[in-house]
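Subject: Handover of a structure

Dear colleague,

Please find below the structure that I am handing over to you. My notes on what was found in it follow.

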Amino acid sequence: GSLVEVEAEGQTRIALAATDAGWASTAPSVAHVGLGAIQQVDRVRTWIPQQGWMEQEGPFEARSILHWQ
């Protein structure tokens, strides 16, 4: 899986995006990061195995979907 760090309002929240949906299966790697009432995200960093850190600078609207390539 991948590690996701979301920075917003001076806080960093961390989530794990796993691709294992069950025994002998895979699923899209998705991470949900609960932000509560936060409306804007400043930065998102993701650790992807064999690729290292990827980063997207905001601001982004909270409740957005970001895609990594």
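This is a predicted model: local features need pLDDT of at least 70, side-chain atom pairs count only at pLDDT 80 or more; totals for chains, interfaces and linings use all residues.

Residues are numbered from 1 along each chain as its sequence is written, and side-chain values use heavy atoms, with hydrogens and water left out.

Thr-46 counts as buried because its relative accessibility is 3% (buried means under 20% relative accessible area, exposed over 50%, and partly exposed in between, with a 1.4 Å probe and protein chains only). Neighbours within four places in sequence aside, Thr-46 is in contact with Ser-2, Leu-3, Val-4, Gly-52, Trp-53, Met-54 and Trp-68 (contact means heavy atoms within 4.5 Å).

Overall fold

The chain has four strands and zero helices, and along the sequence it reads β-β-β-β. Both kinds of element are DSSP runs numbered from the N terminus: helices are H or I with at least four residues, and strands are E with at least two. Of the 69 residues in the chain, 28% are buried. Among contacts with a separation of 6 or more, 35% are between residues 24 or more positions apart. The chain exposes about 5000 Å², of which carbon and sulfur atoms supply 52%; accessible areas come from the Shrake-Rupley method with a 1.4 Å probe, and for residues only the protein chains shown count as cover.

Strand pairing

Two strands are said to pair if DSSP finds at least two bridges between them. Strand 1 is mostly covered, with five of its seven residues buried. Strand 1 pairs with strand 2 in the antiparallel sense over seven bridges, and Val-6 stands opposite Arg-13 in strand 2. These two strands form a hairpin with two residues between them, and Glu-9 in the turn has a positive phi of about 50°. Strand 1 also pairs with strand 3, again in the antiparallel sense, over five bridges.

Strand 3 and strand 4 run antiparallel and are joined by eight bridges. Here Trp-47 stands opposite Trp-53 in strand 4. The hairpin that these strands form has three residues between them, and Gln-50 in its turn has a positive phi of about 65°.

The loop between strands 2 and 3

Gly-34 lies in the loop between strand 2 (11-17) and strand 3. Gly-34 counts as partly exposed because its relative accessibility is 39%. Its C-alpha atom is separated by 8.2 Å from that of Arg-13, 21 residues away along the chain.

The largest pocket

How much space lies in the largest pocket? The volume is about 720 Å³. Of the 27 residues that line this pocket, Val-4, Ala-31, Val-33, Ser-64 and Leu-66 are the closest to its centre. Strand 1 (2-8), strand 3 (40-48) and strand 4 (52-61) are the elements that give two or more residues to the lining; strand 3 gives the most, with four residues.

On a 1 Å grid over the protein atoms alone, a pocket is an open set of points where a 1.4 Å probe fits, with protein on both sides within 12 Å along at least five of seven lines, and lining residues have an atom within 4 Å of a point. Grid points are joined across faces, edges and corners, and a volume is the space filled by probe spheres set on the points.

Yours sincerely
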